[in-house]
Amino acid sequence: MKRIIILVLAGVMLAFSASAQAADIPNMSDDALLALRAQIEAEVDERALSVAYLLPMGTYVVGTDLKEGGYLISAAKEDNMVIAEIFASEEGYASTKETKTDVAKMFDMTAKDMLKYVSSYETLFLNDEDDKFISLTAGQVLNNSGKIRLITTKDEPWHP
């Protein structure tokens, strides 16, 4: 009797270990891979592990319009290429905007001023297929030329 129970338990354990093996992703067909991705994304949404925000073209102040924290950023599907700029402060954004609109002022800059101007903000070229990680702190300004998608993760302390 003990042998039968041991054999049954061994069979059950073997069946569970065989079913728990990792998916053979490199050998999956494109359709199977896309189906698996859809299942994973649905489960992530179901568990509320991330939250996506769609932001229209505009200028956003971190701490006022956006919460401080880490985000994955990409262009929205309908705007497949977007330029996003991250400025250290509202003052930096205002002075850069003024300089960009006054072309003559740009040509009169010294090399030192030009370096200061170029290094005063970060430019991101975004598409709708690749996410980039950004970390935003209070007071920074995010300016985007089209609709963007921001995704926060559950690790953020303010995540719902």
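Q: Which residue's side chain meets arginine 149 in a salt bridge?
A: This is a predicted model, so let's look at what its atoms show. A salt bridge needs a side-chain nitrogen of Lys or Arg within 4 Å of a carboxyl oxygen of Asp or Glu. Arginine 149 has such a partner at 3.0 Å, N to O, and that partner is aspartate 131.

Q: How many residues apart in sequence are the parts tied together by arginine 149 and aspartate 131?
A: Arginine 149 sits in strand β8, while aspartate 131 is in the loop between β5 (121-127) and β6 (132-136). So the pair ties together parts of the chain whose separation in sequence is 18 residues.

Q: Is glutamate 78 buried or exposed?
A: Glutamate 78 pairs up with lysine 147 in a salt bridge at 2.9 Å, N to O. To count as exposed, a residue needs over 50% relative accessible area. Glutamate 78 comes in at 51%, so the label is exposed.

Q: Which residue's backbone oxygen does the side chain of asparagine 144 reach at 3.2 Å?
A: Leaving aside neighbours within four places in sequence, asparagine 144 is in contact with several residues, including Leu55, Met57 and Tyr60. The backbone oxygen at 3.2 Å belongs to proline 56.

Notes. Residues are numbered from 1 along each chain as its sequence is written. This is a predicted model: local features need pLDDT of at least 70, side-chain atom pairs count only at pLDDT 80 or more; totals for chains, interfaces and linings use all residues. Side-chain values use heavy atoms; hydrogens and water are left out. Buried means under 20% relative accessible area, exposed over 50%, partly exposed in between (1.4 Å probe, protein chains only). Helices (H or I, at least four residues) and strands (E, at least two) are DSSP runs, numbered from the N terminus. A polar contact is a pair of N or O atoms within 3.5 Å; within protein, one must be able to donate a hydrogen and the other to accept it, and residues adjacent in sequence count only if both atoms are side-chain atoms. Contact means heavy atoms within 4.5 Å.
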